[in-house]
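Here is a brisk report on one protein chain. Keep the sequence and the structure in view while reading.

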Amino acid sequence: MKKQFLFLLIVLLSAGQLSAQTKLKRKYYGTYEGQINEYPLEVGKKLIQVKAVPIRIEINAGYLSIQVGKLTTRGNYKVLFEADDYFVLDAVMENQSIGERIVVFKRGAKISRDGLFPQPSARLFKN
């Protein structure tokens with residue numbers, strides 16, 4: 001009887017831990033703007049310079065949209081990790097096989113988007 005009770009207690013506590021996922025607080029929702037800096041791109045045997053382009057990321061409850069130049073994509077995100085100073089988001093965008101990684105800093109109203117190769121990472125600031 002004691003063993004069954006102990007087993008049931010462990011199962012219930014484990015289920016509670018799994019459902020207690022980290023959520024992004026409402027104060028981090030909003031629109032962030034910045035730019036992807038100029039970078040070199042190798043096309044065949046040629047090296048071309050890709051010009052800087054504005055980037056805009058809008059974060060809401062459970063979804064986000066990313067606008068790079070005139071191209072806009074939308075997707076869902078989840079919080080992968082929460083540290084003392086930042087959150088790491090993993091976003092699955094529509095029509096995109098590679099996920100986006102976004103770091104939301106807890107101070108300074110800024111985020112960082114890890115660039116998809118060969119793009120450099122971009123720092124964005126909240127409006």
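## Overall make-up

Of the 127 residues in the protein chain, 28% are buried. The model is a predicted one. The chain holds one helix and 10 strands. Read from the N terminus, the order is α-β-β-β-β-β-β-β-β-β-β.

Residues 24 or more positions apart account for 35% of them.

## The largest nonpolar core

In soluble globular proteins, nonpolar side chains tend to be buried together. Here, the largest nonpolar core has 21 residues. Which of them touch the most other members? They are L24, I59 and V104. At least two residues of this core come from each of these strands: strand 1 (30–36), strand 4 (53–59), strand 5, strand 6, strand 7 (86–93), strand 8 (100–105) and strand 10 (122–126). Strand 7 gives the most, with four residues.

L24 shows how these parts meet. Not counting residues up to four places away in sequence, L24 touches Y29, I59, Y77, V79, F87, L89 and V104. Two of these partners, I59 and V104, are named with L24 as the core residues that touch the most other members.

## The second largest pocket

Rolling a probe the size of a water molecule over the atoms shows where empty space is left. The second largest pocket contains about 170 Å³ of space. Strand 5 (63–68) and strand 6 (71–82) are the elements that give two or more residues to its lining.

The lining consists of I66, V68, L71, T73, E94, N95, Q96, E100, R113, L116 and Q119. By class, four of these residues are nonpolar, four are polar and three are charged.

R113 is one of the residues that line the second largest pocket. R113 sits in strand 9 (residues 110–113). Is this charged residue buried or exposed? R113 is buried, because its relative accessible area is 3%, and the cut-off for buried is under 20%. Beyond its neighbours within four places in sequence, R113 is in contact with I36, I55, I57, E100, R101, Q119, S121, A122 and L124. Two of those partners, E100 and Q119, also line the second largest pocket.

S112 is in strand 9 as well. With 12% relative accessibility, S112 counts as buried. Setting aside residues up to four places away in sequence, S112 touches R101, I102, V103, F105, A122 and R123. R101 and A122 are in contact with S112, and R101 and A122 are also in contact with R113.

E82 is placed in strand 6. E82 counts as partly exposed, because its relative accessibility is 36%. Which residues does E82 contact, leaving aside its neighbours within four places in sequence? They are T22, F87 and K106. The side chains of E82 and K106 are joined by a polar contact of 2.8 Å. In sequence, E82 and K106 are 24 residues apart. From C-alpha to C-alpha, they are 9.9 Å apart in space.

A83 lies in the loop between strand 6 and strand 7. A83 is buried, as its relative accessible area is 17%. A83 and F105 are 22 residues apart in sequence. Their C-alpha atoms are 9.5 Å apart in space.

## Backbone features in the loops

Where is phi positive in a residue other than glycine? N95 is one case, with phi near 60 degrees. N95 is in the loop between strand 7 and strand 8. At 83% relative accessibility, N95 counts as exposed. N95 is also among the lining residues of the second largest pocket. A109 is another case, with phi near 50 degrees. A109 is in the loop between strand 8 and strand 9. A109 counts as partly exposed, at 38% relative accessibility.

F117 and P118 are joined by a cis peptide bond, with omega about 5 degrees. P118 is found in the loop between strand 9 and strand 10.

Technical notes: Residues are numbered from 1 along each chain as its sequence is written. This is a predicted model: local features need pLDDT of at least 70, side-chain atom pairs count only at pLDDT 80 or more; totals for chains, interfaces and linings use all residues. Side-chain values use heavy atoms; hydrogens and water are left out. On a 1 Å grid over the protein atoms alone, a cavity is a set of points where a 1.4 Å probe fits but cannot get out, and a pocket is an open set with protein on both sides within 12 Å along at least five of seven lines; lining residues have an atom within 4 Å of a point. Grid points are joined across faces, edges and corners, and a volume is the space filled by probe spheres set on the points. Ala, Val, Leu, Ile, Met, Phe, Trp, Tyr, Cys and Pro count as nonpolar, Asp, Glu, Lys and Arg as charged, and the others, Gly among them, as polar. Buried means under 20% relative accessible area, exposed over 50%, partly exposed in between (1.4 Å probe, protein chains only). Contact means heavy atoms within 4.5 Å. A polar contact is a pair of N or O atoms within 3.5 Å; within protein, one must be able to donate a hydrogen and the other to accept it, and residues adjacent in sequence count only if both atoms are side-chain atoms. A nonpolar core is a set of buried Ala, Val, Leu, Ile, Met, Phe, Trp, Tyr and Cys residues joined through side-chain atoms within 4.5 Å.
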